[in-house]
Amino acid sequence: MATHSFTIHVPQRTLDDLQERLARTRWPDSVEQADWEYGTNLEYLKTLVAYWQDHFDWRAQEARLNQFAQFRAQIDGFGIHFIHERGQGPHPLPLLLSHGWPGSFFEMVKILPLLTDPGSHGGDPADAFDVIVPSLPGFGFSDRPSARGMTRTTTAELWAHLMTETLGYSRFVAAGGDIGAGITQRLALAHPDLLVGIHLTFLGSSFLSPDQPDLSEAEQRYLHAVQQWSQQEGAYAHVHATKPQTLAYGLNDSPVGLAAWITEKFRAWSDCDGEVERRFSKDELLTNIMIYWVTETINSSIRTYYENAHASSPLAAGQKIEVPTGFALFPKEINTPPREWAERSLRIQRWTTMPRGGHFAALEEPELLVEDMRAFFRPWRMAT
């Protein structure tokens, strides 16, 4: 499988075109004092876009990202972009990290040095990891699927080939949130021989249905909360899963439209008390948005929802994923399942209720997340 080093360099004409589009923005109206009730707040978005035009330095962010060892590999004929940072310790544990939407590999930049070089960040060098962070198919600098069927299960198979055939690891651990959590679970289900353990911050609903027998009161409350959230906040996912192409015309053509679509989720799904910049700087928000813009991957990324919505669950009734699992539950996550619900499909060995943080744990609370991952994976290191 062909692998080569990769350096991000966006053509200047792409950046010039972006500036022209930002300058030509035709702003919509807004209800007075609407705040964020109707969607992305107009005044905040104007402030973010003004910063994007006059102060944001993509070349500086590009240089920051290029400090990490990046590669592209052809895996089963599909081009995958990934970071592969070697651990600084006596026996680094290979760790595969998978992101979700509307994130990107950029989500992991704060935790990468903590994981690879704990000795330089107040930790024990014995806890070092070799860290592999792929861009999901259709995201960032990975190829965009041109055919149907690129699901979480399909991606899990690509990850298995990446880790074993491309990188030569025979055993490893994996972690993820959002879509990345689903991929991680499917990888553990299909290849328990490869996975020493998995760590999750998110539990999707695709493995279990609400008609599970003998639901506890906590499980019933949780399922009701999931239903309520879906009715109030889930319109984006329904559009992604039914008519992504229609939405993509606007988002791929308008950088302001793209920023509005993504920024709203960073505000709504994080532990920010309604002030998005309590958790993410403008540079962080815009760097993530830029990865979608310069690669034109918003359509292929949201199409993932359609593919997964039309795929069946790989878990049979009564079946569990037997790979040891650690779960970090952040209080402002999209959904916060009780442990007994997670244990219906997972072999939970560690369950941590975090004091703060939301959906974007690696960016919001990197130290809390890394410490939990270190603690969970520590006993399993000798199994690799």
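Me: What makes the nine strands an open sheet, and in what order do they run?
Reply: In this predicted model, the order is β1-β2-β3-β5-β4-β6-β7-β8-β9, with mixed pairing. Strands are DSSP runs of E with at least two residues, helices are runs of H or I with at least four, and both are numbered from the N terminus. Two strands pair if DSSP finds at least two bridges between them. β1 (3-5) and β9 (346-353) each pair on one side only, as edge strands. The twist averages 25° from one strand to the next.

Me: How do you know that β3 and β5 pair?
Reply: β3 (residues 78-85) and β5 (residues 129-134) share four bridges. The cut-off is at least two, so the pair qualifies. The sense is antiparallel. His 84 stands opposite Ile 132 in β5.

Me: Which helices lie across strands of the sheet, α5 among them?
Reply: Helix α5 (residues 152-166) lies across β1, β2, β3, β4, β5 and β6, at about 105° to β2. Helix α15 (residues 366-377) lies across β4, β5, β6, β7, β8 and β9, at about 150° to β7. Axes are lines fitted to C-alpha atoms, for helices over the stretch in contact, and angles run from 0 to 180 degrees between N-to-C directions. Contact means heavy atoms within 4.5 Å.

Me: Why are α9 and α10 called roughly perpendicular?
Reply: The axes of α9 (residues 244-253) and α10 (residues 255-268) cross at roughly 115° and come within 5 Å. Angles of 65 to 115 degrees count as roughly perpendicular, under 35 as roughly parallel, over 145 as roughly antiparallel, and the rest as oblique. α9 and α10 are therefore roughly perpendicular. Leu 247, Leu 251 and Asp 253 in α9 meet Pro 255, Gly 257, Leu 258 and Trp 261 in α10. By class, this contact has five nonpolar residues, one polar and one charged. Ala, Val, Leu, Ile, Met, Phe, Trp, Tyr, Cys and Pro count as nonpolar; Asp, Glu, Lys and Arg as charged; the others, Gly among them, as polar.

Me: What makes α2 oblique to α10?
Reply: The axes of α2 (residues 42-54) and α10 cross at roughly 120° and come within 11 Å. That angle makes the pair oblique. Tyr 44, Leu 45, Leu 48, Val 49 and Trp 52 in α2 meet Pro 255, Val 256, Ala 259, Ala 260 and Thr 263 in α10. The contact divides into nine nonpolar residues, one polar and no charged.

Me: Is α8 roughly perpendicular or oblique to α12, and how do you know?
Reply: The axes of α8 (residues 235-242) and α12 (residues 298-309) cross at roughly 75° and come within 6 Å. α8 is therefore roughly perpendicular to α12. The contact has seven nonpolar and two polar residues, and no charged ones.

Me: How do you know that the chain agrees with a compact globule?
Reply: With 384 residues, a compact globule would have a radius of gyration near 21 Å, and the chain has 20 Å, which agrees. The radius is taken over C-alpha atoms, and the rule is 2.2 Å times the number of residues to the power 0.38. The C-alpha trace spans about 55 × 50 × 45 Å along its principal axes.

Me: What is the peptide bond from Trp 101 to Pro 102?
Reply: That bond is cis, with omega near 5°. Pro 102 sits in the loop between β4 and α4.

Me: Which conditions apply to these values?
Reply: Local features need pLDDT of at least 70, side-chain atom pairs count only at pLDDT 80 or more, and totals for chains, interfaces and linings use all residues. Residues are numbered from 1 along each chain as its sequence is written, and side-chain values use heavy atoms, with hydrogens and water left out.
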